[in-house]
Amino acid sequence: MMDNREGAHGRIAGLVSLRMTVAMAAVTILGGVLFVLGVLLGSRHEFAERGIDPNAMSVTEQFGSGMMVIDTRKAVGFTVLFVLGVIVAVAVIGRYYSRREVAPLEHAFELQKDFVADASHELKTPLAVIATRIDLIDFRRAHGQPIDGPLDDLRGDVDRMNAIITDLLVAARGAVDAEPVPLAGVVDQSVDAVRPLADKRGVVIDRRVDGDPAHLVVQGNAVGLSRCLVAVLDNAVAHAPDGTHVTVSVGYRHGGDAVIRVADRGPGIGENPERLFRRFARDDDGTAHQGYGLGLALARDVANRYGGTLDVESTSARGTTMRITLPLAS
């Protein structure tokens, strides 16, 4: 990767240098021509400006009628203007080509930074689930209880992490890997992924499907949509009071879209709920769950990638309902 980056830097530097050289050569040639023309035009009528007829002067007979007199003041003035023009041209051209050629590199660095932040956040929840599974395995082993079930769940969590990383890489390339996805399966997978964290808090996750599950099929990617729903569920579980319920319902919305609602019984999110969807926005409400402010922002990015939306449907002191809408597969 370092060799590729250094090669890209070298190619960009060489391209900037070549374009700067060509541009400055053109500026110098054009400026030189204008400078010469300016001096000639400014001095051609030097005798006439002084009321002297050059054809009537004896010096004309000696040096010829084509003789011209250069006005030093005008020559110096044009020289100064020429130098200043070249300096300004160098600055403008250099700034233009530098910004133009470095822009793709800056964009690549920005994508790299976003990918690192996104990956760090997206892997945070699976790692917390894995840690909980390991604690459960240690507890069962210490008490002579079977651990085959938790081990299978642990393998599933590792596979899920691998799928998340793959989906992040696809998203970083700007690609959209879409296929028909049954929403009921996405809900089941997402609830299973978050359940260990909910059990730790004594929060119960209820599922409800309104309508025929066979018809609730959207165009998207199961892993990506699960990332979206897991982020919303994780946020709901974190803000739900201990021992309460979080409800996940799947159904239809007027207009033909599928809709997923995640409702908690937390204290609400106050005014301006849109702030929660900005990258690195944090809601320091005193909960133990304080992340990096990326969860809901990334969840909205995933929903938008597949033509859907994510917003706050309602919020009050009695709880908050998040809504994910996705177009049904034709």
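**Briefing on the sheet, its helices and its charged pairs**

The side chains of D311 and R323 form a salt bridge, with 2.9 Å from N to O; a salt bridge here is a side-chain nitrogen of Lys or Arg within 4 Å of a carboxyl oxygen of Asp or Glu. The model is predicted: local features need pLDDT of at least 70 and side-chain atom pairs count only at pLDDT 80 or more, while totals for chains, interfaces and linings use all residues. Residues are numbered from 1 along each chain as its sequence is written, and side-chain values use heavy atoms, with hydrogens and water left out.

**Salt bridges**

- The structure holds 10 salt bridges.
- E313 and R323 also meet through their side chains in a salt bridge, at 3.3 Å from N to O.
- This pair likewise links distant parts of the chain, with E313 in strand 6 and R323 in strand 7, 10 residues apart.
- R323 counts as buried because its relative accessibility is 17%, where buried means under 20% relative accessible area, exposed over 50%, and partly exposed in between (1.4 Å probe, protein chains only).
- E313, at 31% relative accessibility, counts as partly exposed.
- Another salt bridge connects the side chains of D210 and R208, at 3.3 Å from N to O.
- D210 has 37% relative accessibility and counts as partly exposed; R208, at 43%, also counts as partly exposed.

- An open sheet of mixed pairing is formed by 5 strands in the order 2-4-5-7-6; strands (E, at least two residues) and helices (H or I, at least four) are DSSP runs, numbered from the N terminus.
- Strand 2 (204-209) and strand 6 stand at the edges with a single partner strand each, so one side of each has no neighbour in the sheet.
- Neighbouring strands of this sheet are turned by 20 degrees against each other on average, direction ignored.
- Strand 2 and strand 4 (residues 245-253) pair in the parallel sense over 6 bridges; two strands pair if DSSP finds at least two bridges between them.
- R208 stands opposite S249 in strand 4.

**Helices on the sheet**

- Helix 7 lies across strand 2, strand 4, strand 5 (257-263) and strand 7, and runs at about 175 degrees to strand 2; axes are lines fitted to C-alpha atoms, for helices over the stretch in contact, and angles run from 0 to 180 degrees between N-to-C directions.
- Helix 8 (residues 222-239) packs on the sheet and touches strand 2, strand 4, strand 5, strand 6 and strand 7, with its direction at about 175 degrees to that of strand 7.
- S190 lies in helix 7 (residues 183-201) and is buried, with a relative accessible area of 0%.
- Not counting residues up to four places away in sequence, S190 touches S226, L229, V230 and L233, where contact means heavy atoms within 4.5 Å.
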